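This report describes the overall build of one protein chain. Please view the sequence and the structure together while reading.

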Amino acid sequence: MDTNFEIFLSIAPGLEAVLLAETQAAGFENPKITPGGVTCTGDWGEVWRANLTLRTATRVLARIGEFRAFHLAQLDKRSRKFPWADVLRADHPIRVEVSTNKKSKIYHAGAAKQRVETAIKETLGAEISADADICLKLRIDDNNCVFSVDTTGESLHKRGHKVAVNKAPMRETLASGFLYEMGYDGSQAVLDPMCGSGTFILEAAEISAKLLPGRSRSFAFEKLATFDANVWQKMRSQPASQAQLQFFGSDRDQGAVRMSQQNAERAGISDATLFQTGPVSDLQRPDCAPGIVIVNPPYGARIGNKKLLFGLYGALGKVLLERFSGWRVGIITTDAGLARATGLKFKSEGKPIPNGGLKIRLFETGKLP
Ligand SMILES: C[S@@+](CC[C@H](N)C(=O)[O-])C[C@H]1O[C@@H](n2cnc3c(N)ncnc32)[C@H](O)[C@@H]1O
């Protein structure tokens with residue numbers, strides 16, 4: 001395998017440009033947008049760095065090799081010759097996933113999977129298991145067989161220091177994506193008046209403190225043959241800086257506020273955050289320079305709830321217009337009608353992003369008058 005290879009970073013469709021900007025800013029080589037993500041090039045160190053440092057990517061795949069195969073016997077033969085031991089280990093079970101398309105002569109994904117599994121079992125000696133942590137992906141496109149390893153394991157939105165979540169938490173990767181879309185760079189104050197488990201506030205405070213998003217979790221790449229524990233240890237122990245107390249969350253649900261507080265403590269940023277219980281109608285402007293209000297109010301799919309929701313969005317807009325002059329606002333919701341019920345003037349309505357079976361969008365204002 002070459003020292004440098006293609007790395008694929010996935011993200012929720014619609015946020016590729018945000019990931020591209022993050023990848024460029026972090027200095028990854030040759031980043032380019034591709035459907036569902038961004039590709040770049042690098043070595044195994046760059047794979048670890050991508051998993052550890054990128055806030056908006058959901059997964060990091062390493063492209064470990066390719067060959068052409070026009071029928072199953074050829075796939076079988078070439079898979080047996082593939083240098084699996086360069087990347088995979090015989091002592092960790094492996095799961096194989098195959099996708100193929102109509103442009104390829106091998107069209108039966110199940111049969112292709114069986115050939116690759118048998119080759120790995122018989123040449124490398126690794127166990128094949130449907131629950132394995134290590135996932136090898138084969139994509140057959142136009143008779144080209146491309147092998148990638150999922151180096152992440154559990155999705156990157158699981159930062160590893162949040163134990164408590166409420167009913168409808170925003171995924172951390174999306175929360176950071178929306179913050180970056182609003183031009184957040186770690187220096188501005190951030191406030192979420194319906195903070196739930198505190199995702200926006202935690203992500204914003206961590207960005208400000210330059211904390212690495214993957215610092216508290218493990219990754220699938222730790223179980224690959226290419227892993228070097230000493231280099232990794234050095235890479236992940238980067239010092240953080242102190243963030244100012246300018247990250248404010250509130251929610252009418254006391255349990256949610258307690259959760260947010262606990263999550264901030266586990267993440268090591270509780271000195272920079274303040275969580276309070278209270279309805280949005282009681283919201284007060286914090287004593288700091290104007291920053292960003294970012295919020296995803298409830299959007300309930302049930303029709304009966306709609307009327308109440310219009311009232312809630314209206315109350316939110318009224319409070320923001322009355323008390324948050326100079327702040328910018330981002331509202332994440334499924335329904336343009338609900339967003340407009342705030343009475344706020346939006347300068348942009350973002351692309352629809354799939355989230356939990358619904359499509360959500362960021363409605364963004366300029367500075368409030
Ligand atoms: C979709 S959730 C927000 C999830 C949050 N972004 C997270 O990542 O966990 C909506 C939140 O709005 C809160 N909420 C609903 N009505 C409210 C009100 N009138 N005032 C304050 N909070 C309210 C709910 O308690 C709930 O936690």
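How many residues of domain 1 are in contact with residues of domain 2? Here, contact means heavy atoms within 4.5 Å. By this criterion, 10 residues of domain 1 touch 15 residues of domain 2.

## Basis of the model

The model is predicted; local features need pLDDT of at least 70, side-chain atom pairs count only at pLDDT 80 or more, and totals for chains, interfaces and linings use all residues. Residues are numbered from 1 along each chain as its sequence is written, and side-chain values use heavy atoms, with hydrogens and water left out.

## Domains

Domain 1 covers 5-150, and domain 2 consists of 172-211 + 241-367; these bounds come from an automatic or database domain assignment. Between the C-alpha centres of the two domains the distance is 36 Å.

## Fold and dimensions

The chain contains 10 helices and 15 strands, which are DSSP runs (helices: H or I, at least four residues; strands: E, at least two), numbered from the N terminus. The radius of gyration is 23 Å, close to the 21 Å of the globule rule for 369 residues, so the chain is as compact as a globular protein of that length. This radius is taken over C-alpha atoms, and the rule is 2.2 Å times the number of residues to the power 0.38. Along the principal axes, the C-alpha atoms fill a box of roughly 70 × 45 × 35 Å.

## Burial and contacts

Of the 369 residues, 52% count as buried, that is, under 20% relative accessible area (1.4 Å probe, protein chains only). Among contacts between residues at least 6 apart in sequence, 77% join residues at least 24 apart.

Methods
Buried means under 20% relative accessible area, exposed over 50%, partly exposed in between (1.4 Å probe, protein chains only).
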